[in-house]
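Here's a quick briefing to read alongside the model. Have the viewer open and follow along.

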Amino acid sequence: MSNSDFDKNGLDSFGIHWLQYAAFAVSGFAIFTTWAFFYDERFHNFLMNIFRVINCSGFNCNGAF
């Protein structure tokens, strides 16, 4: 773990902070997930089933479904 390409300030040799890499990865995941939610019916149904489980597990049981 001590051998890292980042210096003590979190910058690599190009001057990019490690959080910028993390933000890029999260942004890419969010873009793909949004696309899949609207254009892939199986993924849409999968997420809706997860939302139903969360909705009926005590977080919001107002009879939404």
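Is Phe6 buried, partly exposed or exposed? In this predicted model, Phe6 comes out partly exposed, because its relative accessible area is 33%, which falls between the 20% and 50% cut-offs.

**Helix 1**
- Helix 1 runs over residues 18-39, with Trp18 in it.
- Its 22 residues reach 32 Å from the first C-alpha to the last, close to the 32 Å expected at 1.5 Å a residue.
- Thr33, Ala36 and Phe37 are buried in helix 1.
- Looking down the axis of helix 1, you'll find its buried residues within an arc of 100°, so they line one face.
- An α-helix has 3.6 residues a turn, so residues three or four places apart point the same way.
- Turned away from the buried side of helix 1 is a face that carries the exposed residues Phe24, Ile31, Phe38 and Tyr39.

**Aromatic pairs**
- There are 5 aromatic pairs in the structure.
- For Phe6 and Tyr21, the ring centres sit 6.3 Å apart with the planes at 65°, so this pair is edge-to-face.
- Phe6 is in the segment before helix 1 while Tyr21 is in helix 1, so their pair ties together parts 15 residues apart in sequence.
- Phe32, Trp35 and Tyr39 are linked into a cluster by ring pairs.

- Trp18 is partly exposed, at 45% relative accessible area.
- Tyr21 is partly exposed too, at 38%.

Technical notes. Residues numbered from 1 in each chain as written. Predicted model: local features only at pLDDT ≥ 70, side-chain atom pairs only at ≥ 80, totals over all residues. Heavy atoms only, no water. Helix = DSSP H or I, 4+ residues; strand = E, 2+ residues; numbered from the N terminus. Buried < 20%, exposed > 50% of the residue type's maximum accessible area, 1.4 Å probe, protein only. Expected span 1.5 Å × (residues − 1). Arc of directions from axis to C-beta. Phe/Tyr/Trp six-rings, centres within 6.5 Å; stacked < 30°, edge-to-face > 60°.
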